[in-house]
Amino acid sequence: TLYMKWMIASDLHGSYYYAQQLQQAFEREQADRLLFLGDLLYHGPRNDLPRDYAPKQVIPLLNSLAPKLLCVLHGHTHVPAWTDFGQGNLYLNPGSVSIPKENTAHSYMTLEGNTACWKTMEGACHHQLQL
């Protein structure tokens, strides 16, 4: 069966350093699409500036991924989650690329076939879930 591999990430908040890491991870994953859940450019009033905060540099980097980049949902909490809340409903959150919270790692998710995997930016799978 042929299926697409999705990489899912959120909460970059204008960090050029982590935008580059995200691009490298996307290439390493060889995913078909990058589903970006929001908070791409700005850090917001409640967050400290992330490493190498440079939204004007992040824009062209993300634009270079435009044919494979989708920005349709949101992560927002900066905390990874994989919670089954009954009746076939599943809450998945990739955490944050640049400003993780609650002592979690800089992270993203992949969805390949019926397997979701929460990964650190280095690509190590720390939680795998069969959907």
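Leaving aside residues up to four places away in sequence, Ser15 touches Pro50, Arg51, Asp52, Tyr53, Val58 and Ser98, where contact means heavy atoms within 4.5 Å. This is a predicted model, in which local features need pLDDT of at least 70 and side-chain atom pairs count only at pLDDT 80 or more, while totals for chains, interfaces and linings use all residues. Residues are numbered from 1 along each chain as its sequence is written, and side-chain values use heavy atoms, with hydrogens and water left out.

Ser15 lies in the loop between strand E1 (5-9) and helix H1 (16-29); helices (H or I, at least four residues) and strands (E, at least two) are DSSP runs, numbered from the N terminus. Ser15 has a relative accessible area of 0% and is therefore buried, the term for under 20% relative accessible area, with exposed for over 50% and partly exposed in between (1.4 Å probe, protein chains only). The loop between E1 and H1 also holds Asp11. Asp11 is buried, with a relative accessible area of 0%, and has a positive phi of about 60° although it is not a glycine.

Next comes the sheet. Its 6 strands form an open sheet in the order E3-E2-E1-E6-E7-E8, with mixed pairing; two strands pair if DSSP finds at least two bridges between them. Strand E3 (69-70) and strand E8 (125-130) are at the edges with a single partner strand each, so one side of each has no neighbour in the sheet. E1 and strand E2 (residues 33-36) run parallel and are joined by 4 bridges. Ile8 stands opposite Leu35 in E2. H1 packs on the sheet, touching E1, E2, strand E6 (107-112) and strand E7 (115-120), and its direction makes about 160° with that of E1. Axes here are lines fitted to C-alpha atoms, for helices over the stretch in contact, and angles run from 0 to 180 degrees between N-to-C directions.

Within H1, the buried residues are Tyr18, Ala19, Gln21, Leu22, Ala25, Phe26 and Glu29. Seen down the axis of H1, these fall within an arc of 160°, so they line one face of the helix; the arc is that of the directions from the helix axis to the C-beta atoms. An α-helix has 3.6 residues a turn, so residues three or four places apart point the same way. The buried residues of H1 pack against E1, E2, helix H2 (55-64), E6 and E7. Exposed residues Gln24 and Glu27 sit on the face of H1 turned away from its buried side. Just after H1, Gln30 takes a positive phi of about 55°.
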